[in-house]
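Dear colleague,

I am handing over the structure that you will be working with from now on.

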Amino acid sequence: MTAGAVPTRTSGPTDLAGLRRLAVATLDANWEHGHTVPSRTLYPHQWSWDSAFIALGWAHVRPERAWQELTSLFRAQWADGRVPHIVFNPALRVGAYFPGPELWRSADVEGTPTMDTSGLVQPPVHALAALLAYRRAPDPAGLAALRRLYPALVAQQRYLAERRDVAGDGLVCVVHPWESGLDNSPAWDEPMAAVDADPAVMRAYRRHDTAHADAAHRPTDLDYARYLAIVAAYRDHGYADRDLADGHPFLVECPLFNAAFGAAEHALAEIAALTGADPAAHRVRADRVTEALVRRLYDPSTGTFQPRDLRTDRLVGARTVLGLAPLILPGLPARHVDALVAEARSPRFGVARWMDRPLPTYDRTAPDFEPLRYWRGPSWLNIGWLVRRGLLTHGRPEMAAGLRRSMIDLVAGAGCHEYFHPDTGAGLGSPAFGWTAALLLDLLAD
Ligand code: 2M8
């Protein structure tokens, strides 16, 4: 089936079988010889954390594709262990996405794979996705795939622990907002304000995203000028990670990224146990990450987790949904769990047994809340999925059920959109988005 043949919505909110068909058709239409594109128009290559969520979706319908998805991503892993956030499809025309391989120049770096990639990473949700995919489809082929993936997943964690612990505090530092996955979140406004860039540089480039989505729903030209300046700084140091503290323009410890980093160790412990390896060291590391998160990123004055800007050594002020992500850590102390549950329930995020509006990505009471602009307010299924998982982990089934229902309603009302208006539920961004379809399948299966 071609992308154009996929229906964008179903006949009604209770048509669960129709929703499932829509999700499968969306994944099928985005399948591309061994991997799944997030979107045929906006993101036609392979993205790192998208592939993890998408693999979990495939596990429900075609488990062999779940393993192909992760295997193809890890084929692009660099010798240093980093899993690049974009793996470029060489079959696509130059300009199919901006910024393309000509900006990243991965081939100039030693230890990179034969295919072109970016040099950044994304939240390491892959070990968790692999474990959950196996649980959804626990067959011998899945176990063999887990066994093959395990050393690559361990190397991914080792890269982050050894090369990205810039502050030496046990947490991973992201060197670009794109690494967080929540590119233009208000969480990055303070650190980004210090990045020197002129929006006029964008006249020299053709942005691809604004040709396919409303510019008012996307990051601004000033954001993009800064994104490019940070990429150039990292690339021109050979993506080497040495001396980052001495001058790299963006250095932030993100609660979601580090929660994923800790959850990955928990998942690796279970994968190790399943495949005959030793789980003990993974459990120790998971506890250490949890402890470091609480010590370094928890803000007792707001009762939530905040990113730390390493260039000022201060927690950022904006209260975003990133702060709720540490709920996915089973070892989070009860006091912090209670605080996050209160934050989730508050009018800022509105998670409840019966939700009147979907979960936003930013405090909806903030004066600069933007319901249409990408990660500055809209509702996204991957974030809801993670928060729901956290609520289940800590024994809050009613809130988790409310969140699940609200996510299913979003897709029932608007289709497998990339993101949704946090008041009306209207579909925004790409209309046939990979992880929305995949995570919907996972939610429907519960
Ligand atoms: C978005 O990010 C890319 C850059 O990586 C972009 O805006 O072009 C984000 O939503 C990110 O989280 C996601 O992985 C990617 C592909 O869906 O798109």
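This is a predicted model: local features need pLDDT of at least 70, side-chain atom pairs count only at pLDDT 80 or more; totals for chains, interfaces and linings use all residues.

Residues are numbered from 1 along each chain as its sequence is written, and side-chain values use heavy atoms, with hydrogens and water left out.

Helix 3 covers residues 63–74, where helices are DSSP runs of H or I with at least four residues, strands are runs of E with at least two, and both are numbered from the N terminus. Its 12 residues should span 16 Å at 1.5 Å a residue, and the end C-alpha atoms are 17 Å apart, which agrees; the expected span is 1.5 Å times one less than the number of residues. Among the buried residues of this helix are Arg 65, Trp 67 and Phe 74 (buried means under 20% relative accessible area, exposed over 50% and partly exposed in between, with a 1.4 Å probe and protein chains only). The charged end of Arg 65 sits over the ring of Trp 58, 4.8 Å from its centre, the criterion being NZ of Lys or CZ of Arg within 6 Å of the ring centre and within 35 degrees of the ring normal.

Across the whole structure, a search finds 26 aromatic pairs (rings of Phe, Tyr and Trp, the last by its six-membered ring, with centres within 6.5 Å; planes under 30 degrees apart are stacked, over 60 edge-to-face and the rest tilted). Phe 98 and Tyr 205 have ring centres 5.2 Å apart and planes at 40 degrees, so this pair is tilted. Because Phe 98 lies in the loop between strand 4 and helix 4, and Tyr 205 in the loop between helix 8 and helix 9, the pair ties together parts that are 107 residues apart in sequence. Phe 98 is buried at 10% relative accessible area, whereas Tyr 205, at 37%, counts as partly exposed. In another pair, Trp 375 and Trp 380, the centres are 3.6 Å apart and the planes at 10 degrees, so the rings are stacked; both residues are buried.

As for the ligand, polar side-chain atoms lie 3.1 Å from one of its oxygen atoms in Trp 47, 2.6 Å in Asp 50 and 2.9 Å in His 85.

With kind regards

Methods:
A polar contact is a pair of N or O atoms within 3.5 Å; within protein, one must be able to donate a hydrogen and the other to accept it, and residues adjacent in sequence count only if both atoms are side-chain atoms.
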